[in-house]
Amino acid sequence: MKKKLQRSILVGIFVTLGLAIFIAAIYLVGKKENLFGSPVRVSAIFNDVKGLREGNKVRLSGIDIGTVSSLSFMNDNRVFIQMNLEEEQVLYVKKDSKVTIGSEGLMGSKVVMILPGTIDGIPVQEYDTLQTVEQVDIDDILEEVNKSSQNIAVVSSELISITRKINRGDGVFGKIFTDTTLTQNLDDATRNISYITENLYDLSEKVNAGEGIVGKLFADTTLTGDIGKASANMDEITNNLREITDKINQGQGIFGRMFTDTSLTNNLYVTSKNLQSTTGSLMLLADKMNNDSSALNLLIDDPTFADSLEILIQRLNRGIVEATEAADAVQRSGLIRAFSKKKKEEK
Amino acid sequence: MERKSPNKLNFEQLLMDIAGITTFLFRYIGSLFRNRFEGREFINQCYRTGYQSLLLVGITAIILGLVLTIQIRPILADLGAEAWLPNMVFISVLTEMGPVIFALLFAGKVGSGIGAELSSMRVTEQIDAMEVSATNPFNYLVVTRVSATTIMLPLLVFFGDLLAFFGSFIGLKAYSDISFKLFYSRAFSEVYFRDIFPATIKTIFFGFFIGLIASYMGYYSGKGTSGVGKAANAAVVASSLVIFLIDLIAVQLTDILT
């Protein structure tokens, strides 16, 4: 009886421990899958979930904060995923956080990665939908690599043809590698360059010694003094120019008024208007003068009139001379002299 | 009823055994609900099948974890994926290797024991005597044993999984300075309910069929002392085969359901 009791106790302990292991395993896995807390459910919509499964982890900044609870198709063939996030970690997931699908290493399973939002953003709430970022698929990368490798193959084949042409001596590069005269020319050119550099060396030595104009430029102190004076004069000139421009800007003097006084410009405008009308009148006058019937035209253009006028003037001159002579004769007469003497006395 | 040629695996015998085990199964279910449950004998069988198998399963489990870790570690280290070792070993033990290996051990130890015991009772006509004395031998001998194996094997597998987990940790600790917390974290990182529940349900079926087949082989063994050995042998062979068949079906079902 005692033995049977002992067996019963041992069996009891055995069963209890076995069940305890099972319950512990359930608890640990359940805790990992966030089954025993009160999770916050948030969702996201993806075009491609890349093999994501229910129960996969949700990570924020590398820390597991939840699991994927469900995946379902939407009407537009996009995939709606729902995530259970741990209540105490939800504070760090902001409304402007973005969600993407990554993987745990090359061979690892897929994970939903939450990219942190702004620090002072509002935390997500139950049933919020987070924005998504579609990751570049490994297939797309491989496709790009494939294109690149094809391009490399084309480039390498072209390089082969180029190197063949160079080996044959075609083109400029071919001549570089095969033409011996080119190398001779290059040799001559380098010799010339050497000669030039030697000359330049001599020249620089002379300049250092103060020989010639350039040497004086560097060595003669009086020249630098003159240059200094010239620059001082230039400085003064520029100062004067600055003063003049200042005065012009201030409206002083004629130029200043020209640029600043609006009344002057108005007057100039009126004057130009008047000048325009005057020139118009002068043009009319000139037209009239050109007309044959006018007196002025006769004066200017008619030669017979000019001849007549000349004769007239000659006759007048002769008349005047004769009149002057007559007047002198009169003055010399006694009667007239007496009369003029009486007049002087009266004065 | 007596099995015609228990030492031969011919097609006719196979079909007869399938029919016999199916009948035995329904008889067990009927007896479980209809007759008085022999609690004392059930506890006794739990002690013998479960508790007394713990040492064997425990040692095997530790060695299993240890060996798997030591064998897989260099391959994963070459791939640069040594961090996956705890997870890989633990999942393989939890989902497949643990249940199957522990069930095979259980079939070898407990199945043969049940087959031999019931067969010897049949040979020595104790079962006939029980029938004569109005004691239901099926209820007393078969129901208690099948119930005990059904419950004890999953519990043994839980113990075995835990010890294999420690064995794996010891194996890894010998090569790298990994903390237990990190090992635990990595081992459980990819374990989900979809790994635990199918394995547990599978082991319940393993235990049930080991008990049922062993009991059937012993209960209907041939006459004579050679019948005892043959019954024990047939119990182990048939149980082992059924373990793999159930495992195959379970894998298919798990794959469909998850």
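Visitor: How many residues of chain B are in contact with chain A?

Guide: This is a predicted model, in which local features need pLDDT of at least 70, side-chain atom pairs count only at pLDDT 80 or more, and totals for chains, interfaces and linings use all residues. Residues are numbered from 1 along each chain as its sequence is written, while chains are lettered from A and ligands numbered from 1 in the order in which they are written. Two residues are in contact if their C-beta atoms, placed from the backbone, lie within 7 Å. By that rule, 19 residues of chain A meet a number of residues in chain B that is 19.

Visitor: How many residues on the side of chain A that touches chain B are nonpolar?

Guide: Nonpolar means Ala, Val, Leu, Ile, Met, Phe, Trp, Tyr, Cys and Pro; Asp, Glu, Lys and Arg are charged, and the others, Gly among them, are polar. That side of chain A has four charged and four polar residues, and its nonpolar residues number eleven.

Visitor: Is Gly222(B) buried, exposed or partly exposed?

Guide: Gly222(B) lies in the loop between α8 (193-219) and α9 (225-257) of chain B; helices are DSSP runs (H or I, at least four residues) and strands likewise (E, at least two), numbered from the N terminus. A residue is buried with 20 or more other C-beta atoms within 10 Å of its own, exposed with 12 or fewer, and partly exposed in between, the C-beta atoms being placed from the backbone. Because Gly222(B) has 19 C-beta neighbours inside 10 Å, it is partly exposed.

Visitor: What percentage of chain B is buried?

Guide: The secondary structure of chain B consists of nine helices and zero strands. Of its 258 residues, the buried share is 47%.
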